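Q: Hi! I have a new structure open and would like a friendly walk through it. Can we go step by step?

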Amino acid sequence: MEPKDYVVDKIEGEYARLRDVVSGDELFIAMALLPLGIDVGTKLHYEMLEYTVI
């Protein structure tokens with residue numbers, strides 16, 4: 001999978017709703033797979049099966 005940038009749009013319990021910056025597609029993902037301390041509006045970079053805060 002190619003590298004992508006996301007923005008956290010919403011946090012719903014144990015899950016976060018991410019929006020792809022380029023395409024606008026939404027992704028629903030478990031918070032356990034994301035870096036600690038993220039909040040709504042946090043920008044994330046996904047590459048090589050890992051999310052990092054940018």
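A: Happy to; below we go from the overall fold to single residues, keeping in mind that this is a predicted model.

Q: What secondary structure does the protein chain have?
A: The protein chain has 0 helices and 5 strands. Read from the N terminus, the elements go β-β-β-β-β.

Q: In what order do the strands sit in the sheet?
A: The order is β3-β2-β1-β4-β5, and together these 5 strands make an open sheet with antiparallel pairing. At the edges are β3 (26–30) and β5 (50–53), each of which pairs on one side only. On average, neighbouring strands of this sheet are turned by 40 degrees against each other, direction ignored.

Q: What holds strands like these together, in general?
A: Strands of a sheet pair through backbone hydrogen bonds, and the pairing can be parallel or antiparallel.

Q: OK, β1. How many bridges join it to β2?
A: There are 6 bridges between β1 and strand β2 (residues 15–20), and the two run antiparallel. They also form a hairpin, with 2 residues between them. In that turn, Gly 13 has a positive phi of about 65 degrees.

Q: And how many bridges are there between β1 and β4?
A: Strand β1 (residues 4–12) pairs with strand β4 (residues 43–47) over 4 bridges, again in the antiparallel sense.

Q: Which residue in β4 is the bridge partner of Asp 5?
A: That is His 45.

Q: What stands opposite Val 7?
A: Val 7 has a residue opposite it in each of two strands: Lys 43 in β4 and Arg 19 in β2.

Q: Switching topic: where is Asp 20?
A: Asp 20 is in strand β2.

Q: Is Asp 20 buried or exposed?
A: Asp 20 counts as buried, because its relative accessibility is 6% and the cut-off for buried is under 20%.

Q: What does the side chain of Asp 20 reach?
A: It reaches the backbone nitrogen of Val 22, at 2.8 Å. Setting aside residues up to four places away in sequence, Asp 20 touches Lys 4, Asp 5, Tyr 6 and Asp 25.

Q: Now a loop residue, please. Where does Thr 42 lie?
A: Thr 42 lies in the loop between β3 and β4. With a relative accessibility of 14%, Thr 42 counts as buried.

Q: Which backbone oxygen does the side chain of Thr 42 reach?
A: The one of Asp 39, at 2.7 Å.

Q: And which residues is Thr 42 in contact with, leaving aside neighbours within four places in sequence?
A: Those are Tyr 6, Val 7, Val 8 and Val 53. Tyr 6 is also among the residues that Asp 20 touches.

Q: How much of the chain is buried?
A: Buried residues account for 24% of the 54 residues.

Q: What about the accessible surface?
A: The accessible surface is about 3,800 Å², and 55% of that belongs to carbon and sulfur atoms.

Q: Last one: what share of the contacts join residues at least 24 apart?
A: Counting contacts between residues at least 6 apart in sequence, 33% join residues at least 24 apart.

How values were computed. Residues numbered from 1 in each chain as written. Predicted model: local features only at pLDDT ≥ 70, side-chain atom pairs only at ≥ 80, totals over all residues. Heavy atoms only, no water. Pairing = 2+ DSSP bridges. Axes fitted to C-alpha atoms, helices over the stretch in contact; angles between N-to-C directions. Buried < 20%, exposed > 50% of the residue type's maximum accessible area, 1.4 Å probe, protein only. Contact = heavy atoms within 4.5 Å. Areas by Shrake-Rupley, 256 points an atom, 1.4 Å probe, with all protein chains shown as cover. Polar contact = N/O pair within 3.5 Å; in protein donor to acceptor, adjacent residues only side chain to side chain.
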